[in-house]
Amino acid sequence: MDEYAWPKGLTGPEAEAIPRSWPATVAALPVGARVGGEGIGRLPFGVFIRLDGFPDAVALAEITAMPYGLELPALGARVDGQVFWHADNHQVRVRLDEWRTSGE
């Protein structure tokens, strides 16, 4: 697998479901909320996360919002963090504080 990847065959929210559910997502996940999920996409700037309990939400943890010196979580890693922003492009921005590979 490449260092940066988007998994093949990924099933996620339908494109129209994300903006339709955005008001409910923001209400349920206010800034400061603790969240967990699975890393589903890994790019040089950060990790996309499928949030537990929110199938129509997309979260992004940018490398600039991670503890200094830690590497990006791998695909499939379980991550935990805190919501710090709701972006105009319907992304929940998350500051990660820990992660573990599946099976740990």
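This is a predicted model: local features need pLDDT of at least 70, side-chain atom pairs count only at pLDDT 80 or more; totals for chains, interfaces and linings use all residues.
Residues are numbered from 1 along each chain as its sequence is written, and side-chain values use heavy atoms, with hydrogens and water left out.

The chain comprises one helix and five strands. Both kinds of element are DSSP runs numbered from the N terminus: helices are H or I with at least four residues, strands are E with at least two. Read from the N terminus, the order is α-β-β-β-β-β. The chain has 104 residues, and 40% of them count as buried. Buried means under 20% relative accessible area, exposed means over 50%, and partly exposed lies in between (1.4 Å probe, protein chains only). The accessible surface of the chain is about 6,100 Å². Carbon and sulfur atoms contribute 55% of that surface. Areas come from the Shrake-Rupley method with a 1.4 Å probe; for residues, only the protein chains shown count as cover. Contacts (heavy atoms within 4.5 Å) were also counted by sequence separation. Among those in the chain with a separation of 6 or more, 61% join residues 24 or more positions apart.

Three salt bridges are found in a search of the whole structure. The criterion is a side-chain nitrogen of Lys or Arg within 4 Å of a carboxyl oxygen of Asp or Glu.

Arg34 belongs to strand β1 (residues 34-43) and Asp97 to strand β5 (residues 91-100), so the bridge ties together parts 63 residues apart in sequence. Arg34 is exposed, at 52% relative accessible area. Asp97 is partly exposed, at 37%.

Another salt bridge joins the side chains of Asp52 and Arg78, at 2.5 Å from N to O. Asp52 sits in the loop between β2 (46-51) and β3 (58-62), and Arg78 in strand β4 (residues 78-86). The two residues are 26 apart, and the pair links distant parts of the chain.

Arg93 is buried, with a relative accessible area of 16%. Glu62 is partly exposed, at 26% relative accessibility.

Strand β5 also contains Arg95. Arg95 is partly exposed, with 40% relative accessibility. Leaving out residues up to four places away in sequence, Arg95 touches Ala65, Gly81, Gln82 and Phe84. Gln82 is 13 residues from Arg95 along the chain, and their C-alpha atoms are separated by 5.3 Å.

In the helical part of the chain, Ser21 lies in helix α1 (residues 17-28). Ser21 is buried, with a relative accessible area of 15%. A polar atom of the Ser21 side chain lies 2.9 Å from the backbone oxygen of Ala17.

Notes: A polar contact is a pair of N or O atoms within 3.5 Å; within protein, one must be able to donate a hydrogen and the other to accept it, and residues adjacent in sequence count only if both atoms are side-chain atoms.
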